[in-house]
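I wanted to look at how the strands pair up and where the nonpolar residues gather.

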Amino acid sequence: MNSLHKIGAFGAALAAAFGAAYGVGAAFGPGGPVTKPAAHTASDKHSAEDPTAPTAPPPEGVTPAGLQVSQDGYTLDLETTAVPAGEKATLRFVVRDAEGKPVTRYRTEHGKQLHLIVASRELTTYRHLHPTRAADGTWSAPADLPAAGAYRVFADFVPAGGSEGLTLGSDLTVTGPYRASRPPAPASTTTVDGYAVTLRGVLKAGGESDLTFTVRRDGRPVTGLQPYLGAYGHLVALRSGDLAYLHVHPHEEAEGEATSGPEVSFAATAPSAGTYRLFLDFKVDGTVRTAAFTVRAGSGAPAAEPSSHPSGTGEEAPHGH
């Protein structure tokens, strides 16, 4: 190719690149794509064989809960951004309104005005904390996180006068010597403090799923579950890779049908295919325990593989209530 042809080809390529960039800018605008909260649809190319692999972005206009620090005029202002591993610390934060003022009025949901969830990016450490709020709107909660690494903090709440709940997320660093960890492989049964918890159900991508947990001890069904946060169990589900926070609701039982175990059921909505971690809090004899599961969401595959050998809950049994 002679020099003149080379220059012409280069100019055509440059024009094509400029045109593509202009198209992207026109589509998204100067501030990036405008997304709406909530998330009940999506497709994901995330590899089910690698729980830590990043997930594909959700469809345009859809953002799963927990991925944003600000939403609908509210912002999670995490004042504590780093704590040492293995030491007692206090997490402090403020939820601010659109004018930057601390929010001091909330609607009580599941027995609390605000639920605080802390999870490691590897999803091997999990804490469900119950912070207290000062008169000026500052929330605080004691925390003891065992392993160094990157964490995500979630504030789950409903503002007073609001009809929809919000889940805002912010990053937290736990300092100290870092050692990589991975959650266990999917299995239908896990154990915690001698309690065997079995999961039955299919976690569907882009739709609502029914998940039922059965609690046993020494092979016998546990019928003495105690109410915790207004129900006989509390479930949090997080997507591996970006830690999207799933919408989970306990099944309401008809009058006269309420039981105290051994089964607890929920409706969960997975925004995409991929690998998830489920954290079930249940209360027996005044103590809250957490059973953790690794599951895979698809178009109809079992949420967890049957197992004759109960799996562990990860690097350490998650507690902290």
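This is a predicted model: local features need pLDDT of at least 70, side-chain atom pairs count only at pLDDT 80 or more; totals for chains, interfaces and linings use all residues.

I started at T90, which stands opposite P142 in β11. I count residues from 1 along each chain as its sequence is written, and side-chain values use heavy atoms, leaving out hydrogens and water.

Next entry, the pairing. Strand β6 (residues 88–96) runs antiparallel to β11 (residues 138–144), with seven bridges. Strands here are DSSP E runs of at least two residues, numbered from the N terminus, and two of them pair if DSSP finds at least two bridges between them.

I then checked β10 (residues 132–133), which is antiparallel to β11 through two bridges. T132 stands opposite S140 in β11. Four residues lie between the strands of this hairpin, and G137 has a positive phi near 95°.

On to the cores: buried Ala, Val, Leu, Ile, Met, Phe, Trp, Tyr and Cys residues joined through side-chain atoms within 4.5 Å, where buried means under 20% relative accessible area (1.4 Å probe, protein chains only). The largest has 27 residues, and F213, L278 and F282 touch the most other members. I found at least two of its residues in each of β15, β16, β18, β20, β21 and β22. β21 gives the most, five residues.

I listed the contacts of L278 (heavy atoms within 4.5 Å); leaving out residues up to four places away in sequence, they include L199, F213, V236 and F293. Apart from this core lies another, of 26 residues, among them F93 and L145.

Definitions and conventions: Buried means under 20% relative accessible area, exposed over 50%, partly exposed in between (1.4 Å probe, protein chains only).
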